[in-house]
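Dear colleague,

Here is the structure that I promised to pass on to you, with my notes on it below. Please read them with the model open beside you.

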Amino acid sequence: MFKSLNLQNKYIFLIGILCLFIASVFSTGYHHFDEHFQILEFAGLKLGLTTPSNLPWEYHYQMRPSLQPFIVITIYHLFGFLDINDPFLITFFLRLLSGSLTFLSLMLLYKVYHNKISDMILKRWFLILLFTLWFIVYIGVRFSSENWSGLLFTIGFSSYFLFQRRNFLSFFTIGVLLGLCFLFRYQAAFLILGFFLWLLIIKKEYFTNLIIIFLGFILVFSVGVLIDKWFYGEWTLTTWNYFAQNILENKVSGFGVEPWWWYISTSIEKGVPPISLLFIVAFFIVAIFQPKNPIIWTVIPFILIHSIIGHKEMRFLYPIFLFLPVVIIQGIEILQKKYVQNLSSNKYMKGFMKLVFIVNVGALLIVMFKPADNQISLYYKLYNDYKEPTTLYYLEGNPYHRVLDIYFYKRKNLSIEPINSLDDIPEGKNKLVVQEHRDETNNPKLGKLIYTTYPDWVLKNNFNNWQDRSHSWYIHQLK
């Protein structure tokens, strides 16, 4: 695979590795609450870090698969053998693991599609988009159900086209990968359904081979049931519980309802124009001119179902994002073959792609170095600098309460207490106070400022009063 890359392309390949690694280091925290509370805090229950009362409502209805918490628990214990229990190091490893799996998925997609691209310029664009597209790098290091489900599906999808020996083991392996994809996120059933329909109707795959894939799927599903039994302490079918609560009971609509076209309009905005316009237009071009395309058959049922369901979030579509570079290049190739010869070398197209490149580099630099959650630095500071019993007092808000209380990043000997005023704090050592606004009172109890959300050199610039619109934390030691 790598021999087909010339020296310049190998640099792009290495840049992709570097981007994922840097994002693994700096993109700390979580993108969405579910990424933390329904994975890390779920794992924290079995690790003795939290209690059932502090877990999301989904835990009490036994509707979340426990495979990802099981992975966290396993890694936590493996680190424990090395006498390492630092949660920040463990979550870094999870991001690194996610980035490595993303890299594998991208390489498999590259191997499937690069020989199908005849235009050398498009081959170069394909490599650049595949390995440096900003949202692929950002999502790619997330240890979230959406990302891992999409990665396992991509690996299973690519494996179908790459396996040279089409025997029992090959098809069974694909079934195992699709089963894992489903266990990470149940909505992936519609991705799997679309792929199966393509195999059956368009590819006309032997029915016996589809049965073998199904057997691999069922094996993994059965293992998932066993893991859920261990996690919840009783036999339960989380797949049914998820469907019953969110669809039959319609609890998912309680989190907000959006119109069917919400994904299109929001993709244009969140995907950062002109990049977002490129992949939306390309998708419709491929869907119209290549209706038998396996990616189109795979993603359309997934998008349609998510468009029908009232509650919508962009993260629900993350499992299909790795296919976007493929669709973009296929769309340009279709236009080039049917309407505009040498479109890739057209000066207007070159100018447009340069604009896409510049915008993507800017967005990529931001997501590579910016924490996914700014508050993680506060937890890191207290965890690493205050290892002895310490009390953190708060006047307005508790920084460890984020919808629910965060325990995974908190030492057990850190006590958190509410107060009405600084005068309520008794004297003693290792006492801190956290405030949501900079203290201007010069209260004699306040000592050294040990933490601010933004460093002093940033706070010195209050252009257009941005600080009044930003949420910040300030932690003082008490004298």
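Glu-146 is buried, with a relative accessible area of 5%, where buried means under 20% relative accessible area, exposed means over 50% and partly exposed lies in between, with a 1.4 Å probe and protein chains only. Before I go on, please note that this is a predicted model, in which local features need pLDDT of at least 70 and side-chain atom pairs count only at pLDDT 80 or more, while totals for chains, interfaces and linings use all residues. Residues are numbered from 1 along each chain as its sequence is written, and side-chain values use heavy atoms, with hydrogens and water left out.

The side chain of Glu-146 meets that of Arg-315 in a salt bridge at 2.4 Å, N to O, a salt bridge being a side-chain nitrogen of Lys or Arg within 4 Å of a carboxyl oxygen of Asp or Glu. Because Arg-315 lies in the loop between helix H16 (294–308) and helix H17 (324–338), and Glu-146 in helix H9, the pair ties together parts that are 169 residues apart in sequence. Helices (H or I, at least four residues) and strands (E, at least two) are DSSP runs, numbered from the N terminus. Arg-315, at 7% relative accessibility, counts as buried, and Arg-315 also forms a salt bridge with Glu-313, the closest N and O atoms being 2.5 Å apart. Glu-313 is buried, as is Arg-315. These residues belong to a network of salt bridges that links Asp-34, Glu-58, Arg-64, Glu-146, Arg-185, Glu-313 and Arg-315.

A search of the whole structure finds 10 salt bridges. One of them joins Glu-35 and Arg-142, whose closest N and O atoms are 2.9 Å apart. This pair links distant parts of the chain, with Glu-35 in helix H2 (residues 33–37) and Arg-142 in the loop between helix H8 (134–140) and helix H9 (145–162), 107 residues apart. Glu-35 counts as buried at 10% relative accessibility, and Arg-142 counts as buried at 2%.

**The sheet around strand E5**

Five strands form an open sheet with mixed pairing, in the order E4-E1-E5-E7-E6, and two strands are taken to pair if DSSP finds at least two bridges between them. Strand E4 (414–418) and strand E6 (446–452) are the edge strands, each pairing on one side only. Neighbouring strands of this sheet are turned by 30 degrees against each other on average, direction ignored; the axes are lines fitted to C-alpha atoms, for helices over the stretch in contact, and angles run from 0 to 180 degrees between N-to-C directions. Helix H19 (residues 376–385) packs on the sheet and touches E1, E4, E5, E6 and E7, its direction making about 130 degrees with that of E6, where contact means heavy atoms within 4.5 Å.

Strand E5 (residues 431–435) is largely enclosed by the rest of the structure, because five of its five residues are buried. Lys-431, Val-433 and Gln-435 on one side, and Leu-432 and Val-434 on the other, are all buried, so that both faces of E5 are covered. Strand E1 (residues 390–394) pairs with E5 in the parallel sense over four bridges, and there Leu-392 has Leu-432 as its bridge partner in E5. Strand E7 (residues 474–478) runs antiparallel to E5 and is joined to it by four bridges, with Ile-475 in E7 as the bridge partner of Val-434.

Leu-18, Phe-21, Val-25, Phe-26, Phe-357, Ile-358, Val-361, Leu-365 and Phe-369 make a nonpolar surface patch of about 810 Å². Patches are made of residues with over 30% relative accessible area and no salt bridge, like charges being joined within 9 Å and nonpolar side chains (Val, Leu, Ile, Met, Phe, Trp, Tyr) within 5 Å; accessible areas come from the Shrake-Rupley method with a 1.4 Å probe, and for residues only the protein chains shown count as cover. Helix H1 (7–26) and helix H18 (347–369) are the elements that give two or more residues to this patch, and H18 gives the most, with five residues.

Phe-26, which has its place in helix H1, counts as partly exposed at 39% relative accessibility. Leaving aside residues up to four places away in sequence, Phe-26 touches Met-368, Phe-369, Lys-370 and Pro-371.

With best wishes
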